[in-house]
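Please open the model in your viewer and keep the selection panel at hand.

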Amino acid sequence: MSWIVDENCIKQLWERGYTGKGVTVAHLDTGIAGNHPTLRDKVFAFRLYEEDGSLASTRDPIDTGYHGTHLAGIICGDKIDGHTIGVAPDARLLSAAVINRGDNLVRILGGMDWVL
């Protein structure tokens, strides 16, 4: 089953100006594929947390498991095949890869601290 946001009542909210413009959303998941065509220019900042909870030196958006990219698309994905796939297509993301391997609790807490 194909699910497209603008065919599920979200279009009415967009028409009222609720598109996510000026909003930054914290996205703590497996990361984000920064080169994904529907997510270009959506990542305001990115952090990658190592398995032990330490901050990695990379600042280039990556996804360690693809779930984060999928979720980011639902949050603010742009158009694909003429349909907008994100609920808030004008929002931007503070994204951190905090879930995959290692001590997820420490990684998640590190990501939450960074967001705050």
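Axes here are lines fitted to C-alpha atoms, for helices over the stretch in contact, and angles run from 0 to 180 degrees between N-to-C directions; contact means heavy atoms within 4.5 Å. Helices (H or I, at least four residues) and strands (E, at least two) are DSSP runs, numbered from the N terminus. This is a predicted model, in which local features need pLDDT of at least 70 and side-chain atom pairs count only at pLDDT 80 or more, while totals for chains, interfaces and linings use all residues. Residues are numbered from 1 along each chain as its sequence is written, and side-chain values use heavy atoms, with hydrogens and water left out.

Select the strands β1, β5 and β2, which in that order form an open sheet of 3 strands with parallel pairing (two strands pair if DSSP finds at least two bridges between them). β1 and β2 stand at the edges with a single partner strand each, so one side of each has no neighbour in the sheet. Between β2 and β5 there are 5 bridges in the parallel sense, and F46 has S95 in β5 as its bridge partner.

Next select α2, which lies across β1 and β5 and runs at about 160° to β1. Helix α3 (residues 104–115) also packs on the sheet, where it touches β1, β2 and β5, and its direction makes about 165° with that of β1.

Finally, select L48, which, leaving aside neighbours within four places in sequence, is in contact with S54, L55, A56, T58, I62, T64 and A97.
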